[in-house]
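Subject: Structure handover

Hello,

Here is the structure I promised to pass on. Please open it next to this email and follow along.

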Amino acid sequence: MNTDKYVAYVSTYTKKGDAYGIKIYDVDLERGRLIEKNQVKITNSSYVTISHNQKFLYSITDTGVEAYRIDPASGDLAILGHGSINGMRGCYLSTDYNDAYLFVAGYHDGKLTVLRLKEDGSIGEITDEVYHKGLGSIAERNFRPHISCVKMTRDNQYLLAADLGMDHVNVYRFDHVTGRVKQIDMIRSEIESAPRHVKFTKDGKFLYIVHELKNTIDVYRYQKVKGNPEFEKIQTISTLNNYHAGGSAACTLNFSMDDNYIISSNAGDNSVVVYRVDHESGELDKLFCLPISGDYPKDASFFPDLRHIVSLNHESNTMTFFNVDLEKGLLVMNGKEIPVDKPNCIIFHKLD
């Protein structure tokens, strides 16, 4: 029996009458359920991330970003302060592996913002701002710059910025002294594929890019060659079954805590898909793609014990829960849905 204790943070859009954009839940690992314990006042928390030292949580909000200290025993959040990103509301954020900088992706204005972090976890000044430029294959709708994800390579040397509108991922060399970026490469995706999220394996050898419009994951081998990053594509795999709902959009990309499985989700098709990761080759083996009993699963995640899955259903305003058997490829609904308005993302956090 797992005796570790966890909390889960769920970011949500807020509306009149509910100013609490982050919900905090106790995690019942045995039953695979969440029990609401607290909430934090913040407007339109589009995305949250936890620092690599596990001490701080950062969230997007309407006017920039907010920083919180995580209570190590309870998981409750204490506000540390606010930082402006000098632009439109962001959609994604992450820290470098030294927790010295915070990177923010701007979907609406196609802007990458870098902010310095102080030793106490609070947010300092902006050190760099970069606007992506250009037009994609069709100069309308999504096909202009929309940065949807920002993530450092595991060696902490290069920053990747996925541009959903331009169908590529910009690769920046990052200066840890000045906090500035310089573009040195570009990973091109298929036209009108819309790269949405990027993730690396813990050993840093393999990169996974999920594409919203093509419903695919591209797998790349990453290495440094003569002081420069090199990305070699080794696999493209669908996030859907052969039979699926039309107009589907891939939404998320998350590793299990042991790094052995990846979960993604499909809006429209309203399904989750789970893959096993081959750590030798980096390739993915699809185990199943099954319905989640909700509308627009914007995020989905394994529980820490790998025996349960939760889906955040943005349009039906619910979280749905499932027992999962990864060996047999089974997903069975586990109890009632939990109502939550416009959920965006979930993070599990282990308590001391």
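**Salt bridges**

Arg307 and Glu30 join their side chains in a salt bridge, at 4.0 Å from N to O. The term means a side-chain nitrogen of Lys or Arg within 4 Å of a carboxyl oxygen of Asp or Glu. Arg307 sits in the loop between β24 (297-302) and β25 (308-313), and Glu30 in the loop between β2 (22-28) and β3, so the pair ties together parts that are 277 residues apart in sequence. The strand labels follow DSSP runs, numbered from the N terminus: a strand is E over at least two residues, a helix H or I over at least four.

Before going on, two notes on the source. This is a predicted model, where local features need pLDDT of at least 70 and side-chain atom pairs count only at pLDDT 80 or more, while totals for chains, interfaces and linings use all residues. Residues are numbered from 1 along each chain as its sequence is written, and side-chain values use heavy atoms, with hydrogens and water left out.

How open to solvent are the two partners? Arg307 is partly exposed at 39% relative accessibility. Glu30 is partly exposed too, at 48%. The cut-offs are these: buried is under 20% relative accessible area, exposed is over 50%, and partly exposed is in between (1.4 Å probe, protein chains only).

How many salt bridges does a search of the whole structure find? The count is 18. In general, side chains of opposite charge can pair when their charged atoms come close.

Two other bridges deserve a look:

- Glu190 and Lys214 meet at 3.5 Å, N to O. Glu190 is in the loop between β15 (180-188) and β16 (195-200), and Lys214 in the loop between β17 (206-211) and β18, 24 residues apart. Lys214 is partly exposed, at 37%.
- Glu327 and Arg276 meet at 3.6 Å, N to O. Glu327 is in the loop between β26 (318-325) and β27 (330-333), and Arg276 in strand β22 (residues 271-277), 51 residues apart. Glu327 is exposed, at 64%. Arg276 is partly exposed, at 28%.

Some salt bridges share partners: Asp26, Lys37 and Asp76 are joined into one network in this way.

**Aromatic pairs**

The whole structure holds nine aromatic pairs. Rings of Phe, Tyr and Trp (its six-membered ring) pair if their centres lie within 6.5 Å; planes under 30 degrees apart are stacked, over 60 edge-to-face, and the rest tilted.

Take Tyr47 and Tyr92. Their pair is stacked, with 4.2 Å from centre to centre and 25° between the planes. Tyr47 lies in the loop between β3 (33-40) and β4 (48-50) and Tyr92 in strand β8 (residues 92-95), so the pair ties together parts 45 residues apart in sequence. Tyr47 is buried at 14%. Tyr92 is buried at 1%.

Now Tyr101 and Phe174. Their ring centres are 5.0 Å apart and their planes stand at 85°, so this pair is edge-to-face. Tyr101 is in strand β9 and Phe174 in strand β14 (residues 168-175), 73 residues apart. Tyr101 is buried at 2%, and Phe174 is buried at 6%. Together with Phe103, these two residues form one aromatic cluster.

**One cavity**

There is one cavity of 30 Å³ or more. The largest cavity holds about 30 Å³ of space. A cavity here is a set of points, on a 1 Å grid over the protein atoms alone, where a 1.4 Å probe fits but cannot get out; lining residues have an atom within 4 Å of a point. Points are joined across faces, edges and corners, and a volume is the space filled by probe spheres set on them.

Which residues line the largest cavity? They are Ile85, Gly87, Met88, Val104, Ala105, Gly106, Asp109, Lys111 and Thr113. Strands β9 (101-105) and β10 (111-117) each give two or more residues to this lining.

**Positive phi**

Most residues other than glycine have a negative phi. Asp167 has a positive phi of about 60°. Asp167 lies in the loop between β13 (158-163) and β14 and is buried, at 7%. Ala194 also has a positive phi, near 65°. Ala194 lies in the loop between β15 and β16 and is buried, at 0%.

Best wishes

How values were computed
1 Å grid on protein atoms, 1.4 Å probe; cavity = no way out; pocket = protein on both sides within 12 Å on 5 of 7 lines; lining within 4 Å.
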